[in-house]
Each structure stands twice: as C-alpha cells, then as structure tokens.
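Here is a short report on a two-chain model. Look at the structure first, then read on.

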Amino acid sequence: MTSIILLSVFGIANLFIGFMKSKRILLPLALLFLLIVFAVNLFSWNDTQSYFNNMLTIDNYAVAFTGIMTLTTLLLLPFSQRYVREGDSNLAEYYSLLLFSLVGAIMMVSYENMLMLFVGIEILSIAMYVVAGSNKKSLRSNEAALKYFLMGAFFTGILLFGIVLIYGATGTFNITEIGAAQIATGGVMNTMFILGLLMLLIGISFKISAAPFHFWTPDVYEGSPTFFTAFMSTVVKTAGVAAFFKLMAAAFAASYAAWFPTMIAITVLTLVVGNIGAVIQTSAKRMLAYSSISHAGYLLMSLVAFNEKSASSILFYSLAYATASITAFGVLMLVSDQKGSDKYEAFNGLGRTNPLLAFAMTVSMLSLAGIPLTAGFFAKFFVFSAVLQESSMLWLVVIAVLLAAVGIYYYFRVVIAMYMQPAENYEKIQVSGVASFTLIFISVLTILLGIAPALVSDIL
Amino acid sequence: MITALLLFWPALAALLVLLIKGQGAKKVAFVAALVEFALSLFALSGFNAENGGTQLALNFPWIESAGISFSIGMDGISILMVLLTTFLVPLIVLSSFKHDYKNPNVFYALILFMQTGLIGVFVAMDAFLFYFMWEVALIPIYFIAAVWGGENRIKVTFKFFVYTIFGSLFMLAAFVYLYLQTPGIHSSDVNAFYQLALSSGEQSWIFWFLFIAFAIKMPVFPFHTWQPDTYTESPTQATMLLSGIMLKMGIYGVIRWLLPIVPMGVSQWDELVLILAIIGIVYGSIIAIRQRDLKRLVAYSSIAHVGLIAAGIFTLNEQGLQGGVIQMLSHGINVVGLFFIIDIIFSRTNTREITSLGGITQNAKALSIFFMILLLGSVALPLTNGFVGEFLLLSGVFQYNYIYGAVAGLTIILGAVYMLRMFQGVMFGTKSEATESFTDLTMNEMAVLIPLVIMVFWIGLFPNTFLSISEPAVINLLSIINR
C-alpha cells in the first residue's frame, strides 16, 4: 500500500519538478524514487494486510511481483538518456506516466475485488495509450497510439462486461467470495457465469497479447518509441499475467474444467503464433514484439498447469524475461538511434565496435532463447516442470520444446549479426555511463540467476 | 574436491586469459591446459580402479527445494573421458601456435571455457547438471566455429547449433519427466533415475527423447547432416574439439544416461539402432572414399567410426561397452592427429584437394611417418590403438548377431581403402605445384604429434592400462542395466 501511495506522490512531484529549467535532475530523481519504492515494498514481506474493506490485499505474491515490476522500471529508466540529451520538453511527463502506470500495475497484482482489477488495468493502460503516441511527429507512433487505444478500449469493455456478468451470477466482486460461491453450488454454474468467465479470459488475454487477441501487438510495439515498447513488453505483461493467475487461482479454481480447454487452446496458439511470427520478421524490433507474444505463451503454460508450482514459475519467468527484454530493447534503442534502422543489419559489426553492448545483448538473447548459464534456462525449466506435474500434459511440453528450438533461430540472428556479419561502417555507438552500468548489472543478474536460481525460485 | 577443481580450473583460467591482450594469450592458455592435465593425473592417482562405483564425489544442494543437487564424481568411464579431454586440450592449444587468430584472448578463453563444459558433462552425476554442462560446452564451440571459421561458417555452424539444441531440448523434457517420477521430494540424481520402475511404454518414448539428443551429437545416421559441413568450415582447433572430444559426449551420454535408465526401452529399439549404426558405418565409409577434400574425408570417416562405437555399445555386452570406451579414446587421439596433419598440409600448400597434392614424402620424411602411424591407427592395424577398440566392438556385435557383425566388419576393409587412397594421393606420386617446396615438421608441430603417436602405441600395445580402469565401472553399469 505504501508503494502505491509513494508512487502516486512521486509521480505528481515529478510533474512539478518538470517545471524547472534543468532537465538533468529528472532522471536521477526518478531513479531515486523508484529505489525508495523498491526498498519500502520489501518491508511488506510476510506482513499480509488488507485495505479498504478488502479491496486490496498486499500479500507476498503482491510484494514479489511489485518488486519485479519496480526493478524492471528502475533498470529501464537509464535508457531514456536520448530524451535527456535532446532536452525533450515532455520528459517529466513521461516519467510521471510510467510511475502512474506502475501504480496501476501494482493494483493489478494486489487486488481482492474485481473492480480494483479493472481500475488497475485502466490506470496502466491509459498511461500506455498516451506514451505509445508520444513521438508526435511520427506517423507510426500515432497509428500505434490510435490502434492501441481503440482495441484496448474495446477489450476493456469486454472485460468489464465479464466482470458484470460474474457479479450477476454470484452476487459479488470479491474474488475469494466468487470462488466460495462456486464451491457452495457444488461447481454447478449457469450460462451467465460461463459467459462472464469467457469474457474475462478474452479481456485479459488481450492485455497480455495472447493469440488470437494479439494482432495489435506487433504494430503497436513497432510504432511506439522503443523506450515505451520495452515498458509495455515487460511491466505490462508481468502485471497482466500475475493478475490473470491471481484471478484464476482465487476465483475460478473450482471451475477449472470449464476454462481449461479455452486456455490451453489460447496457450498453444500463442506459442505458435509468437514463435513462427518472429521467424519471418526482418526488423529486430518487430521480432522482439513477436517474441514477447511467444513469452506470453510460456507464461500461460504455467497458468494452465495450475498447481502449487505455477506462481513461483510465473514469478521467475517474469523476472528472467523482463531483465533480458530490457537489455534487448535498450541495446536496440541505442543502436537504432544512431544508425536510424531497427533491422537486423543495424547490429552488424557491433561485436567489434561495442564489445560491451554486444556481450550484454548476447547474454540477453541467450536468456530469451532459454540456453543454460542464463536465467532464461531456469525460467523455461520451472515452467516445463510445473506443466509436467500432470503427465497427461506432456504433449504441451513437446510443442513448447519444438517452438523453443525455433526461438533460437531468430534470437541468434541478432548474435550472428553482431559478431559475424561485416558492417558498412564501424562507428562506435555512444552509451552513457549509467546505461553501461545497467547493462552490466543486468548481464550479471541474468548469469547469476542462471547459476543459482534458488535465490528467487523458492521465495513464493 | 579434486573433481571440482578439475571442473572449475579451466573456467577460471578462461577469465584470466580473457584479460591478456595480444598473442600472449595462447601461451597462458597452454600453461593453464597443462595444469589441468596435471590435475587430472593427480585425480587418477587418487582413483581406486578396482571400484566400479562413483569416486572422488562431491555433492551439495543446488536448488534445494527442488531436490536438485550439484553432484559430481567419477567412475572408471568418466575418468578416462576426463583424461582424454585434459590430454587433448593442451595439444589442441599447442597446435594453434602457428596461427594468429584475431582476438586471441577470446578465442583461447572460449576453448578453456568449453573444457569446463566438457569435463562437467563427464563428471556430472545429476541429470540437470549434466544437461547444464552439455549446453555450456556447446555455446563456446559455436562461437569458435562461427567467428573464426571459413567462408560458409555462418550458415553451417548455425545449422549445427540449432540441430543440437533441438535434440537436447528433448533430453531436457525427458529428464524433467524422469525427475517427476522420482518418489518423495523429487531428485535428479543419476542413481535415483536408475532406481525408477518405469513401464515399458514410458521407457519406449523416453528412449527416443534421449536418443535423439545423443544421436545428433555423435552423430548417428541419419542425424549426421550437420557434421561434415561443420567440420569442414570450422577452424582446425574447433574441428579437433568437436571430433576429438565433443562427439564423445554423445556416446558417454548413451552409456551413462540412456542404457541404464531405460533398459526396456533399449531392448525394444536396439535392433533399429544397430541397423542405423551399421548403415552409418557403410554409408560414411563409401562417401569418404568419394571425397576429394581431406577434411571432409576424415569427417565422413568419423561418421563410420562412430557408427561402429554406437553399434558396439548397444549390444549391451561387456566387450561392446569396453570396446566403446577404449575406442572413444583411440578415435579422439587419431582424429585429432589426422586433422592436425591436414592443417599442416593446408597451411603449407593452401589446398586440401587430394588431386592437387602429392609427393610430400620426398620433402617431409618426419611428417610422412607420423601421418602413416596415425592413419594405421585409424584403420585398426594390430599393435595400434584402433585395433583394440574395433576388435572388441566387432566381437561385441558378433555376439549380438553375426550378420550385423559381418557387415560392420566392412569398416576395416573400407577404412583401409579410403585412408590408404588418401595417403597415396597426398604423400606419394609426383610433386604438384602446391607441394613443390614443402617443408618438414617444425619443432612445435612435432611437440603436438609425438604425444599423440605415443598414445597410439600405448593403447595398441598395453590396452589393459586403460581397460582395467573402465572394467569395474562397465560391469557395474551392466548389472544396473540387467537389473
């Protein structure tokens, strides 16, 4: 709760500090704010509290995901250096919007009442609609914002409709009570309930860009400024999946049989669309967009596994995916800013001009591909072992394994470009000190988690 | 403790080498690899060869809540593989001294880093540690081959990489399944896997999940398509690492992680595997006969040799397994020697085409002698190392089925055909333009070849030095398989 209040206050404070002439203070200040939130959040560990007549519950689940999302934002901010350098007049607003959307994200992982879920999603999304179009002079950015907004509003409507139908069927918004209501009726459910459940599934699937509700993702991710794309594909996705699992575990555990077929279809489709879609891209940014769809698929795998290992595997996967993605988008941002292209060819020769960038990018690609020595390997490992608790789900793991091998193909195209393809001109890419430090930090973290995953995997 | 030291020393040394600028890196890497060899000899001195179980073991929790432990140790088979690795790596490093690779610090650091992975595969006694090390060995070799390789390197090495990862992901899925079958709080220890009571249907599919991973690595026909191109395009050091040591990971994997875990699965499919392996022998040999490029020729000959090893170990008798173990050593030594000689010839003449070479014996007496010895070892002439292994392997296959034995025996005849044809074309006859001013071996090249040739004779004349180390372990393993 303290983190929500602090973030809101800091967000507003940031807006006012933006009136000052010097923009240089904004980045350090925003980093400081996030550090404070990160630290304060940890104090709620093992101290479960309910707020506002059970609207929000801050439990370990919420604290863990809040920690990951705050850390992700913290690590992402250093890559906004371009805005700082160019003296972008809206810098303070960007930071504030990110802080506000983090508030929404935290509500999404700590709600106890479906209305709070809705409010959280809206706080998060509206900030995202704005930042997607923040590059006002770019046609693609405007298109992204419009597309994201129209689709987002439409699916939010579906989500809300679902919430209302569930309310109609059970008479409550509280997720624990919804769960209890089904047990009371012996699992018997009426059409209104099923319809509501289905709409909820569709609404949230849109938010985490699961297929077949993913069509907006590549366009929006590609059109938005890369800095915000990184935020969307990490924090928004983590919040979405964590909210999804919390909802299913608390409210719909009893009706598992009813939603399992739908979810498994969505999962498989997401895996296939994400991985196959990524293969045919020529732009690294668009590839990363599809790769984020495929990772939503892996995250959904542990959701459909739906057992005691699901929560911790989602947590670990989110962390591994988010850290690797920040590097991926961060390096992409640095490279494409200087070379004016986000195609694979833009990475050519990076291994020679910027060994550090190339190394960090390699670690991140290996992690996204799930190769041992990186966090991504254990992330996939925990997901697969969660799924294999039920040996009847072996087929799902086989599909995922095959698609993971496909994933290696497109991630390694970047690695190959960096180390093996000759470049037209070997021009060193300018990286700020704080960005370099962040890249080193993430690489070390990724390798550390790849060697000692127990640091995080056992906490939930 | 010594096992852990063996495992981590190369990785530490790799970090050290990374810091060294310029061509001094190779010297440091060489010294580090020699130290590693000395460590392995020290480990051997503390190893009780009469005990068939795991020794020099170390075990501490890795992911405690999941029952996954960092468990390493060696039995007779492991220690031979470790010795092969530690023996070959310094020679491989030494063999590169005449090359000036760009970014030498990274090149040699990757070789040493890979050594950690290789040793790790051979000493891992926990399934997930094994898988982990399996991939740790792959990543450096991919970069070595892809960054320092020949013209088509990018495409070729990428195929290799994706192919092997594809296989190993199946292995991972099988391991996860097996792990979840272990009772109580699960365990991925090798002995826990050995004790599983799996139904015959489960064993059948687990067999394939594991076999595909190992078969791609070896490679067994028809999973070999990545191999000739990768061997040809890689820099010689990478080819040596791949053929000399890495391929043994696949065979070792079968011995440790396939046969004893799913014996019923093996008995359902061994006939098919033997047939594939024997097809590989004949196919590899015939294609080798048709090759004009020296490196490709040896690459295909390697498919034939590995086919015989695969056939031998799947017979599940003591001769077959012992032959497999000793032949892994022999093949590693011979193939590294042959690739080195091809590298020497290439560096002097700039060609690997048999037709544009010839008459080298006239200028290079010493080279001819070394080449001949390694070649005879490779065609399994008695008194050389190849004979011991192939004899045991073939007698194993004969015990299994004499028709298979007869067909597999073709390897000796066909092997002689392509090897002697190569020797004739390259070394005898009239000098060509390329070999006109061929110079004999340098001291450095001698230093690489002499230890290899000593081993050719040592294994050929006193195979018991090595067979006695692996015998108790093989018997122990067979008793687990026939439980």
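## Interface between the chains

Buried area is the accessible area (1.4 Å probe) that two parts lose on being put together, summed over both. By that definition, chain A and chain B bury about 3000 Å² between them. Carbon and sulfur atoms account for 86% of it. The contact (heavy atoms within 4.5 Å) takes 37 residues from chain A and 32 residues from chain B.

Salt bridges between chain A and chain B number zero; the rule asks for a side-chain nitrogen of Lys or Arg within 4 Å of a carboxyl oxygen of Asp or Glu. Two residue pairs are in polar contact across the interface, both at pLDDT 80 or more. A polar contact is a pair of N or O atoms within 3.5 Å; within protein, one must be able to donate a hydrogen and the other to accept it, and residues adjacent in sequence count only if both atoms are side-chain atoms.

Which helices of chain A supply at least two residues each to the side that touches chain B? They are α16 (355-369), α17 (375-387), α18 (394-420), α19 (433-451) and α20 (454-457). The largest share, 14 residues, comes from α18(A). Helices (H or I, at least four residues) and strands (E, at least two) are DSSP runs, numbered from the N terminus.

## Basis of the model

This is a predicted model: local features need pLDDT of at least 70, side-chain atom pairs count only at pLDDT 80 or more, and totals for chains, interfaces and linings use all residues. Residues are numbered from 1 along each chain as its sequence is written, chains are lettered from A in the order in which they are written, and side-chain values use heavy atoms, with hydrogens and water left out.

## Nonpolar core

The largest nonpolar core has 388 residues. Such a core is a set of buried (under 20% relative accessible area, 1.4 Å probe, protein chains only) Ala, Val, Leu, Ile, Met, Phe, Trp, Tyr and Cys residues joined through side-chain atoms within 4.5 Å. F252(A), F347(A), F175(B) and F314(B) touch the most other members. Helix α5 (residues 127-148) of chain B gives the largest share, 20 residues.

Leaving aside neighbours within four places in sequence, F314(B) contacts F207(B), F211(B), V254(B), L258(B), L259(B), V266(B), D270(B), V273(B) and L274(B).

## T116(B)

T116(B) sits in helix α4 (residues 104-123) of chain B. T116(B) is buried, at 5% relative accessible area. Beyond four places in sequence, its contacts are L7(B), P10(B), A11(B) and M133(B).

Notes: Buried < 20%, exposed > 50% of the residue type's maximum accessible area, 1.4 Å probe, protein only.
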